[in-house]
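This briefing covers a structure shown below with its sequence. The points that follow are grouped by topic.

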Amino acid sequence: MTGEVSVRVCPGGPLLVRGAEVVVDDAGERHPVTRPVVAVCACGMSGRKPWCDSTHKAVPAQAR
Amino acid sequence: MQLPRERGPISRHVIGSLVRTQDEAGPIAIGAAEVLDDGDAQLALWILYELHYRGFDEVAEDREWDLGLLRLRKTLERRFEHELRRAVGSVPVASGTGDVSAQLLELIAADDSPPVAAFLHRTASREHIVDFLRERSVQQLKESDPQSFVLPRIGGAAKAALAELQYDEYGGGRPERLHSTLFADALRAAGLDDSYGAYTDDVSALSLANANAMSLFGLQRRLRGAAMGHLAAFEATSSVPARKIAAGIERVGLPDAVAAYFHEHVEADAVHEQVALHDICGRLVEEDPTLGADVLFGAATCLHLAALSGAELLERWSGELEVAS
């Protein structure tokens with residue numbers, strides 16, 4: 001592990017994050033990363049924040 | 001694993017040649033009927049494929065490479081693939097952009113599969129959910145194994161991404177988090193037998209066909225594009241249904257371990273969808289554009305077989321609801 005974190009924006013979907021060990025949310029809560037790659041919610045509607053739960057698919061594209 | 005019970009002449013021939021003798025299997029004529037939803041043909045294929053996965057207690061391990069059985073497998077596979085290509089051939093794909101992940105998304109967006117997850121969410125009884133788990137067991141107890149056969153057959157970025165996805169499917173280094181183990185935990189918690197192949201005798205031809213399509217694509221290098229397209233469609237149509245199914249499981253009061261499998265897939269498959277669409281299929285086709293058509297064929301096959309299975313289950317369950325009411 002080089003300590004490098006990569007983030008890819010999935011258009012209309014989540015942020016795909018590789019190389020992170022912890023994701024800190026808006027409230028300052030720390031969420032340990034347990035997968036080789038994680039999807040972080042970008043639409044704000046996930047029921048499992050900070051992780052994506054595919055709720056964005058139910059949100060109209062222009063509202064994301 | 002014990003050999004399953006025969007369902008007709010083809011599976012009888014396969015089982016008979018596996019148990020009775022060490023000699024190479026003899027030839028058998030296959031009728032003209034479709035194999036896609038034929039329980040006998042699909043069971044025969046399932047048994048032939050299992051020789052490459054876990055094998056059977058009473059069968060010598062070198063029968064995996066029995067030329068007579070391989071010849072029969074090839075005959076059945078050729079028919080199965082031909083029927084699948086014919087069935088999905090009319091699926092409208094391709095906006096002509098050449099971007100395979102966009103084409104996959106288009107294909108997935110056009111999918112109007114029967115609403116199995118919605119039924120399990122809102123209406124299903126405990127027995128319906130148990131029935132669903134039992135039908136899925138022939139594929140989920142070897143979850144991700146068919147796709148692992150593709151790893152040595154591709155290279156570069158697509159290979160790295162597939163390995164990354166599989167590592168997550170295989171628990172990220174934690175055996176108790178293996179997705180197939182989580183499914184076994186779910187079966188046990190639902191009062192079902194979690195041993196590999198326990199319900200092969202009970203599941204429908206279409207449940208076997210869903211499992212067999214993954215082996216068909218995974219075990220032939222020629223079909224590596226289809227295997228990855230199938231994976232992408234499977235992952236991209238899993239997260240939202242998994243959320244509904246988990247809620248249905250909690251509604252009928254089954255233990256937490258049953259819902260836990262589906263909760264894991266809400267989160268995991270939201271990731272895997274992106275990895276499979278862009279990092280695996282996108283990069284694979286970038287590297288070798290000739291694989292593009294088969295990536296779409298694999299995806300369309302996944303959606304087609306899921307739709308057929310869904311229709312079958314909903315019809316079965318709605319019949320039971322009428323009898324009950």
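Of the 64 residues in chain A, 39% count as buried. The model is a predicted one.

**Chain A**

- Along the sequence, the pattern of chain A reads β-β-β-β-β.
- Taken along the principal axes, the C-alpha atoms of chain A fill a box of roughly 40 × 25 × 15 Å.
- Among the contacts in chain A with a separation of 6 or more, 17% come from residues 24 or more positions apart.

**Interface of chain A and chain B**

- About 1,700 Å² is buried between chain A and chain B, and carbon and sulfur atoms give 46% of that area.
- A:Arg35, A:Pro36 and A:Arg48 supply 34% of what chain A buries against chain B, more than any other three residues.
- Nine salt bridges are found across this interface.
- Eleven residue pairs are in polar contact between chain A and chain B, counting pairs with both residues at pLDDT 80 or more.

**Salt bridges between the chains**

- A:Arg35 forms a salt bridge with B:Glu264, and their closest N and O atoms are 2.8 Å apart.
- B:Asp279 forms a salt bridge with A:Arg18, again with the closest N and O atoms 2.8 Å apart.
- This pair joins two chains, because B:Asp279 lies in helix H13 (residues 256–287) of chain B and A:Arg18 in strand S2 of chain A.
- B:Asp279 has a relative accessible area of 13%, so B:Asp279 is buried.

- Over all chains, the structure holds 27 salt bridges.
- One of them pairs B:Arg85 with B:Asp294, where the closest N and O atoms are 3.0 Å apart.
- These two residues link distant parts of the chain, 209 residues apart: B:Arg85 is in helix H3 (residues 67–88) and B:Asp294 in helix H14 (residues 292–324) of chain B.
- B:Arg85 is partly exposed, with a relative accessible area of 31%, whereas B:Asp294 counts as buried at 15% relative accessibility.
- B:Asp288 forms a salt bridge with B:Arg224, with the closest N and O atoms 4.0 Å apart.
- That pair also links distant parts of the chain, 64 residues apart, with B:Asp288 in the loop between H13 and H14 and B:Arg224 in helix H11 (residues 224–236) of chain B.
- B:Asp288 counts as partly exposed at 23% relative accessibility, while B:Arg224 counts as buried at 14%.
- Salt bridges that share partners join A:Arg35, A:Arg48, B:Asp168, B:Arg177, B:Glu264 and B:Glu267 into one network.

**Buried positions in chain B**

- In helix H4 (residues 100–109) of chain B, the buried residues include B:Val100, B:Ser101, B:Gln103, B:Leu104, B:Leu107 and B:Ile108.
- These residues are on the same side of H4(B) because they cover an arc of only 160° around the axis.
- An α-helix has 3.6 residues a turn, so residues three or four places apart point the same way.
- B:Ser215 is found in helix H10 (residues 205–218) of chain B and counts as buried, at 0% relative accessibility.
- Leaving aside neighbours within four places in sequence, B:Ser215 is in contact with B:Tyr49, B:Tyr53, B:Lys142 and B:Pro146.
- The C-alpha atoms of B:Ser215 and B:Glu50 are separated by 9.2 Å, although these residues are 165 residues apart along the chain.
- B:Thr200 lies in the loop between helix H9 (179–189) and H10 of chain B and counts as buried at 2% relative accessibility.
- Apart from neighbours within four places in sequence, B:Thr200 is in contact with B:Pro4, B:Arg7, B:Leu43, B:Trp46, B:Val138 and B:Leu208.

Definitions and conventions: Residues are numbered from 1 along each chain as its sequence is written. Chains are lettered from A and ligands numbered from 1 in the order in which they are written. This is a predicted model: local features need pLDDT of at least 70, side-chain atom pairs count only at pLDDT 80 or more; totals for chains, interfaces and linings use all residues. Side-chain values use heavy atoms; hydrogens and water are left out. Buried means under 20% relative accessible area, exposed over 50%, partly exposed in between (1.4 Å probe, protein chains only). Helices (H or I, at least four residues) and strands (E, at least two) are DSSP runs, numbered from the N terminus. The arc is that of the directions from the helix axis to the C-beta atoms. Buried area is the accessible area (1.4 Å probe) that two parts lose on being put together, summed over both. A salt bridge is a side-chain nitrogen of Lys or Arg within 4 Å of a carboxyl oxygen of Asp or Glu. A polar contact is a pair of N or O atoms within 3.5 Å; within protein, one must be able to donate a hydrogen and the other to accept it, and residues adjacent in sequence count only if both atoms are side-chain atoms. Contact means heavy atoms within 4.5 Å.
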